[in-house]
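Please open the model in the viewer and keep the selection panel at hand. The tour visits pockets and helix contacts in turn.

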Amino acid sequence: MTALSEERLDVLLAYCKLTELKDDPEVKALIPGFYEAAVGYMDGAGVTEPQEGTARRAQYDLCVNAMVLDSWDHRDMKEPANQVTENTAFRRRLNQLKFSEGSVSNLDTDP
């Protein structure tokens, strides 16, 4: 698993619209853990972390971003779980990554 670099953190915070809160103690404490959990979920779902600079990596990063944002937004969830709807765009991306996992050996290599 790739560690959460400052550059990746900046992109993640921009996605979550938390850029201005980068130095907030809650953001500093929670976002790295949410990131690790999301990457771990992807690995557990059978999706390996793709090579940087590939279209597959862009899809992977979008899935991780969506999971981090969801964790941030629902960190103090008070509404019943059955009222929360799943992000269908996330589900489609994750399914695409999972279904294509076995055929990525040539997709993630540079020409």
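Begin by selecting helix H3 (55-73), which gives the most to the lining of the largest pocket, with 5 residues. Helices here are DSSP runs of H or I with at least four residues, numbered from the N terminus. A pocket is an open set of points, on a 1 Å grid over the protein atoms alone, where a 1.4 Å probe fits and protein lies on both sides within 12 Å along at least five of seven lines; lining residues have an atom within 4 Å of a point. This is a predicted model, in which local features need pLDDT of at least 70 and side-chain atom pairs count only at pLDDT 80 or more, while totals for chains, interfaces and linings use all residues. Residues are numbered from 1 along each chain as its sequence is written, and side-chain values use heavy atoms, without hydrogens and water.

The largest pocket has a volume of about 280 Å³, taken as the space filled by probe spheres set on grid points joined across faces, edges and corners. Select Ala 66, Met 67, Asp 70, Asn 87 and Phe 90, the closest to its centre of the 15 lining residues. Helix H4 (88-99) also gives two or more residues to this lining. Colouring by class shows 8 nonpolar, 3 polar and 4 charged residues in the lining (nonpolar: Ala, Val, Leu, Ile, Met, Phe, Trp, Tyr, Cys and Pro; charged: Asp, Glu, Lys and Arg; polar: the others, Gly among them).

Next, display H3 together with H4. Their axes come within 10 Å and cross at roughly 135 degrees (lines fitted to C-alpha atoms over the stretch in contact, with angles from 0 to 180 degrees between N-to-C directions). The two helices are therefore oblique to each other, a class left after under 35 degrees (roughly parallel), over 145 (roughly antiparallel) and 65 to 115 (roughly perpendicular). In H3, residues including Tyr 60, Cys 63 and Met 67 meet H4 residues, among them Phe 90, Leu 94 and Leu 97; contact means heavy atoms within 4.5 Å.

The axes of H1 and H3 come within 10 Å and cross at roughly 60 degrees. Arg 8, Leu 12 and Tyr 15 of H1 make this contact with H3 residues including Asp 61, Leu 62 and Leu 69.

Finish at the second largest pocket, which holds about 170 Å³ of space. Its lining includes Arg 8, Tyr 35, Glu 49 and Asp 61. H1 gives the most to this lining, with 3 residues, and the lining divides into 3 nonpolar, 2 polar and 6 charged residues.
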